[in-house]
Amino acid sequence: MEKHTSVANGLVFILMVVLAVEGYKRNPLRDPQICGRPVCYNSTKFNYNVGHLYKYDHSMYVKTAVVGSSDNTSELHISSIVEVDFHAPCQGILRLHSIEVRERAERPVEEVEFEYGDEPEDTQPPAVDEQNGMHPKSDVIAEELMRFELRFDFHDGMIGELCHEDDEPVWTLNLKRGILSALQNTMPRLDIDYDTTETDVSGICDVQYKTNGRNGTGLLFRKTKDLASCRRRHKTKSFIQTVPYDFRTIMIDNSIYKSVACYERHQFVPFSNGLAGAVTETYNRLELTDEETYSQESNNEIDIQRRSSLLYDHTPSVHETHDEIKASRELLIELCVHGFPNIKLTLMKDQIVENNVEPALANKWMESFAFLTRPNEEVLEAMLELMKHGKESGDQTYLLSATTVVNTFCKIHFDCDEIEEVQAIVQYLEEELLDTIEGVEIMAENDPQKRERVIVLLMSLGNMGVINKRLNFELRTIIESERYPTEVRVEAVNVFRRSDCTRTKEYFLKLYSSFLLDVEAQGLLAENDLDSKFNLDIRKFSRNYEQTLFFDEYNFGMTVDSNVIFSTESYVPRSVRLNLTTDLFGESINFLELNVRLEGLEQSVHHLFGPNGTYSAKKVGERVDTYMKFLRQYVPTKVLELFDGESSWRDYLQDPEESSRQKRAVERLPQVIARQIQEDVDRLGFQLKGNFDKPQVTIGVKIFGNDLHYYSNGLELFKISDERKKLASLFDGKESSYTKSSTLAAHLKLRGSDQAVLQVSLPQERNDIFSICSEMFVLTERRELQQAGIERRYSNSTCTWPFIDQAIGLKMCTNYSLPDVSNTGKDVEVPSLILSGPVNFDVSLEKADPTAKMFVLKYSWAERQNQTIVGVVFETPNSQIPRIFRTNITNEVQRKTASMSFVNGNISHKAIGLYINNPNQLRVEMSLNVNDRKYLALELHLNKTDTRNGRMYYPSFYLSVNHERIAGLGGQIKYTARKNISLWEYIVMIETRRVRATATGYVSVSHNMTYMIHNTVEYREVIQNN
């Protein structure tokens, strides 16, 4: 029995080996000599014969221009012979030769007919440059393109795989991908229209085939590609939206491509107008010229070294510089940071690991690594080494920046989770996380550094978006276990933010529907009409705030949203998130996200809003009352009441007493709010639990969706025992300075709210405040041609008024020059502003007095018993031209005085104003002195005295200029009320430079509304002596 069992097992083993060998032969991934699928079926559309060599004339060009504002173009033309060799069924080889690269199209030679024996008029050739438009590196480019042949599979028009050598440069492969993409046809039949999705050099795109008739024996087709639908079409430099247009005209004769013509047009959407704007056009043409046969020798296939698809490879090519550029090491490092070949990054890595650079500079380098656009496997190896170095130095920046590079790599390689370098980083973080999180009991209280390390490790894993099965299980354990701090569990949830939602959807739906989980980790799934069912006090419920703004005309918008998350353990929010997202040219860019976590701040809030806090109900009420009293002195009461709302004003007209009560309620509103906050703090402060004596504030910063910064020490402000002194010190004896580029220095001194001194130093005579300058260049034949743009422009240059320049020693100037695109006409299309020509706009602050180096502005506020004095002083000390400006305002109960003086060199001005208003007097006086000489004087007086049965009024008016009376008025008005009769008797004298007049009369009004008026005027003309 055992013998038969052994024989059976042997037969099964042999059968498995045979099947494995057979599968090995049919699987192209295991057969080193087969490119593409192992099985080649009979062709139904194309009839390319084995042992035949098909030759095509190939020509292409790329043109870039600013249509509508310039006639110059940047061009590149390539011509070659393309050979397509089918050495085996469904197996092809692409070769290029006779390659020429030109900077402009080759000019055809015109033939001139003349009779035999006659001499041509001009036998001199046309003047051309030495290379006749040939690109200087044409031979080098041709050599690289001819150095390697490219194998590909061809299954009745479909090209699924390319097989090439390891040493072939990326750029030559991409050019050959473009040629083969023109030869791809995925139609099932050639006699029907067909819509499908193809993979080629443009990406995975929607295409449409349409039959277009015949040309002799050839079939014509039109292939249109929707480039806007393409996936895996990476952007190399920018996220700016373009309008692409692609179509191909195909001619097939005798089941062979006779000709293929491809045209693409890309237009820059922003600042375009119709067809005018920045445009790039490409044209690619293949024309069958010859077909040769050859006898096949023994098939000695070379093993395939590398396989790829028709998708464009965006990996930057490494260019040899030789002796053309000899840059310093620092410049080389800077170029590396800005996206140059990744191979140079190893130099920076070595400098950091060997501690040859300062920690601050190393951090800047690490932050810059996060913005690498095309990292490769070598960069990932360097990142792993830097992460290990960062652990030794205790710097968390290394983890966050390095894992951001991994995420960028995974955006390029969609199967990155299977790449060895990515797995090495994932396993390194996973092992450290599991080792660190074991001591969770110690971590929660006594070891904040360990807790911070766990959080940063979780943030790093979230940056990558690659999660293994083992890590998936461990993260779920952390989320569900109450042994871990809440912030650790919340961060464990965030690890899944970039993972496949379909894998974790069911788990998180079940998790969020459970009421046993901590509210902060669970989140809030609220109904849209929840606020209509319950009282959603801002201090009780977590909520989301969102504001969106979008401009359809410019295809630009912005969204700001914030989440405020509360916990049942505190009335203070536990976490606040602010997100800034911009919708720019069809793309949503998450510029910035701030995550702030607060814990243990209840005592600090109590110190701020409690009975003795800085913002207690009593202190807020006193300050509001002070401001309202001051405001009522200058603003009419009815104007203040308008701010109570339309209904309050309407009620006032109808019911004065009700309006008065509402007004008093509005005035008390700030005190009521502050008192309510104080009561809530007092009540909840004793009922709710929390680490009141151990406040914690952590801040996380995300840029473009990547966690790049984590600050665990954001609570220094709350570690001070007396919060009121801390807040008061912000305005008590505070000194700060600001310096920028050695062109401006500012020094600010604050003494409470009563005094401030600002000193500004401007050593340069011109300081640019804001400047925009744009230029347009077209690179043609290795020369940069500056473009002037359209002819119509409008320009202007203006500065502030001269008397202001002399007064303060500074002048503000604005200069601008812009293309005029407003009156171009309907028949002429020009681009929008930026692309129509150079734009210049600048705002500068220039010195009117070059000797003025320092500008000082002083402010003071003094309050006495019944008097408030406000003063402002501006001066330029140590300048050759003395310059000082003073203003003083004195406010008393019944008297207000304002004075202003200004000294500028030998010129001095002084203005004084006086306002008195009491029951017996109304007085307004204003005067202006220039160089101690009264230039202007204005006086308005109205004195009042009580008499028997009435009152006496004594009005007066006086106006003089340069000590010369311009106008004057004086007199008296007597008012008497007796026996139901009101009587006004008046004598008024008026004097001007030409007339003197006296008006005498009375006005009487009886109880039955009978008016009696009597008036006499005497005047005479004043004769002035010249």
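Is K349 buried or exposed in this predicted model? With a relative accessible area of 11%, K349 is buried, where buried means under 20% relative accessible area, exposed over 50%, and partly exposed in between (1.4 Å probe, protein chains only). Residues are numbered from 1 along each chain as its sequence is written, and side-chain values rest on heavy atoms, with hydrogens and water left out. As the model is a predicted one, local features need pLDDT of at least 70 and side-chain atom pairs count only at pLDDT 80 or more, while totals for chains, interfaces and linings use all residues.

Salt bridges, each a side-chain nitrogen of Lys or Arg within 4 Å of a carboxyl oxygen of Asp or Glu, come to a count of 26. One of them pairs K349 with E385, with 3.0 Å between the closest N and O atoms. K349 belongs to helix α5 (residues 345-353) and E385 to helix α7 (residues 377-393), so this pair ties together parts that are 36 residues apart in sequence. Helices (H or I, at least four residues) and strands (E, at least two) are DSSP runs, numbered from the N terminus. E385 is partly exposed, at 33% relative accessibility.

Because R766 sits in strand β22 (residues 766-774) and D842 in strand β27 (residues 839-847), the pair ties together parts that are 76 residues apart in sequence. R766 is partly exposed, at 37%, whereas D842 is buried, at 15%. A network of salt bridges links R766, D768, D842 and E846.
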